[in-house]
Amino acid sequence: MSLNPEQQRAVAHRGSPLLVLAGAGTGKTRVITHRVAQLLDEGVPPWRILAVTFTNKAAEEMRQRIDRLCEGRHATREIWVGTFHAICARILRRWGQPIGLSPHFTIYDTSDSSAVMARVLESLNVPEKLYTPRGVLTWIDRAKNRGLGPESLDRLDLVEPVRSVVAKAYAKYQGLLIAADACDFGDLLVHTVALLRSSERPNQGGQLGDTDPVRALLRRFQHVVVDEFQDTNPIQAELVDRLAGRAELCVVGDDDQAIYGWRGADVAQILEFAGHHAGTETVRLEHNYRSTGHILHCADAVIRRNAGRLGKTLWTDAGDGERVRVLKLEDERMEARWVAREIRAAIDDEASPEEFAIFYRTHAQSRAIEDALRTSGLGVRIVGGVAFYERAEIKDIIAYMVVLQNPASDAHLARILNRPARGIGKTTEEKLFAHATARGISLWAALLGGSVAGVSAGAAKKLAGLAAMLEELRAETTGMGLDRVVATILEVTGYREALAADDDDEARTRLENLQELLGNVEEFVAEHPDASLAEYLEQTSLAGGERGEGDRSRAITLMTVHSAKGLEYDYVYLTGMEERVFPHARVFDDPTQMEEERRLAYVAITRARKRLTLTMVERRRLYGQVQMGTPSRFVLDLPAPSIDAVGQRPRPTTESARPAARAPRWNDDVVYDAGSDPTLDADELDGAPGIALYVGMAIRHRDFGEGELIGWQGMGQNLKLHLRFRTGNKTILARFCDIPG
């Protein structure tokens, strides 16, 4: 395929900074690789070219395509092609001595960093339940994304005492890294920028300054090309500017696909590029080679409502194709069954499973879809995640349930020895296993025995504490209703509390998955009122087994919309298109996040090549809560000539549509604020569907102030909220809290 006029213009431009706004499916990688190849043909030395992208896969693809275009004419291996982190590591290994790094410094991964931070927090004597290694590292990473050191944390707007604790931990953590001749991923960027800044200062050393290798690096490149520029954070943008100080800078990206603000990316980097780089030429790539006309019309209708964008309109010469289908169903199970049946019918009619993808906003939504596909005899391939029953937090809680049922199950007890973390290290585990094996007894019997050879007094005390906690848990849950068992496990073990201490998106996702597990158990109890714990565990075991045994050649791709970026499929099903599901409930009070949510919808729509189906439901049970479905604003934005509304069903009006009342919960005897007037009228809570709760929701209490919702259980006047306050976690009856909306 030859270059179209806009692509050719981007490839040929010289003499000033270039911003290439590359819409979805418009061939941006083709432009980048052709531009580099043409520069080489024009005589630019390969070592004078720098090409930066975000993933190793993208970097390798870029290099391979440049190699093919050059057909051996140039020494393409001399081009600097790599990710931001790889380029920084290359620079620091050669020239990092001035900032204290040897050429052999170690790069710490997440687990390494967490181990160092655990030592730091222990030395600072901070409360373990309020400050976890991962939670503190999340704040430090946010600071590093903006190029902020420990002394500049005020710019993150942290409240006290969090700011002081994080600042002290940050300073001590950095000291330990330098002492260990190591750096984490954030340091690769921060240290490299610091090195480049120092070399740009006025020469204090006379002619010797001219031999400074880092100063030579600033003059090295004649051309710098950056891919996915909309995903850069401030420190990455500064790195690019410094390396391109003497070069022609070309950045390629799509402001309409900037969907990673939650991990530090700043769309302002691309929106304000022309203002920061005088004489910038802007080229818009709008000819889409992926999707049909109706799909593009729908994508445009959704994204054009964003105020913060540079503007472009995708078009295709492939024709309008099928209209986008919008389907309304009764609930999430009907939604999943309908999608599964349609895909199964298409595959039976000789369509290929690889052509189908099902998208959802959050991982917790996948459970019903996985179950429906399995029932239809189809396998599941999950991109950017794992099957619901295979997720670590789900397997952990199920392991606790198994141990309650059968404490002699070594595999399950071994899994939860240190989950959540309770200070039982690997050495102690190994000695416990050896002790049990030598005596031919189960781990549970070894735990109850109280004496394990070679285990220190401190470790023995922790093992005894675990045994006591499990015995207490077994006694408390004996005879308890199945739907109350999971809630009891989460509270007694401290599992929910441990996750809540990590203030990051991964922890919130895990909490959402646990809420979905609660809902899963409640569904099972509603369908099997007399079922035992053993019967539920058998059902989950069989579900996992059948999912693993599925026909791999008939596997359907499932993923969150975030994971879908950069991919494309012939047939796409975008599920959960209701307000407070997509867009997600937590973005409603933040216009900036709502714009990113709209960009996320745009990304989802533009993944489809031939057929796009959007589904929504009248009521959805999600995270253990039933809520009535209101069509997503993104659905309402779609242009009528480009959609087919199919399968419309009336909103249920009978009492049978309301969820059945549930049995009393395990902690119904706990009453907070007894005798005082609740902020929220109890009638508003009756039935629960009118309240859309979500993990991370800000909820205020009269005495404790504003807290973050980490879980809930019950309904009506018995609805209890698990909240994280600065002073710790508390469980409070919802009627004594101020719930937005």
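In the predicted model, residue E523 is buried, with a relative accessible area of 11%, a value that falls under the 20% limit for this class. The residue is placed in helix α23, which covers residues 505-527, and, when residues up to four places away in sequence are not counted, E523 touches E332, R333, R367 and R621.

Aromatic rings were examined next, and a search of the whole structure finds nine aromatic pairs. One of these is formed by W80 and F221, whose ring centres are 5.3 Å apart and whose planes stand at 70°, so the pair is edge-to-face. Since W80 belongs to strand β3 (residues 80-83) and F221 to the loop between α9 (213-218) and β6 (223-226), the pair ties together parts that are 141 residues apart in sequence; W80 and F221 are both buried. The rings of Y260 and W262 are likewise edge-to-face, because their centres lie 6.2 Å apart and their planes are at 65°. Within this pair, Y260 is buried, with a relative accessible area of 11%, whereas W262 is partly exposed, at 42%. Y260 also has a charged neighbour, as R263 lies over its face at 3.8 Å from the ring centre, and a further arrangement of this kind is found where R580 lies over the face of F588, at 4.8 Å from the ring centre.

Five strands form an open sheet with antiparallel pairing, in the order β21-β20-β19-β18-β22, and its edge strands, β21 (728-733) and β22 (737-738), each pair on one side only. Within the sheet, strand β18 (residues 698-701) and strand β19 (residues 705-713) are joined over four bridges in the antiparallel sense, with A698 standing opposite E708 in β19.

Key
Residues numbered from 1 in each chain as written. Predicted model: local features only at pLDDT ≥ 70, side-chain atom pairs only at ≥ 80, totals over all residues. Heavy atoms only, no water. Helix = DSSP H or I, 4+ residues; strand = E, 2+ residues; numbered from the N terminus. Buried < 20%, exposed > 50% of the residue type's maximum accessible area, 1.4 Å probe, protein only. Contact = heavy atoms within 4.5 Å. Pairing = 2+ DSSP bridges. Phe/Tyr/Trp six-rings, centres within 6.5 Å; stacked < 30°, edge-to-face > 60°. Lys NZ or Arg CZ within 6 Å of the ring centre and 35° of its normal.
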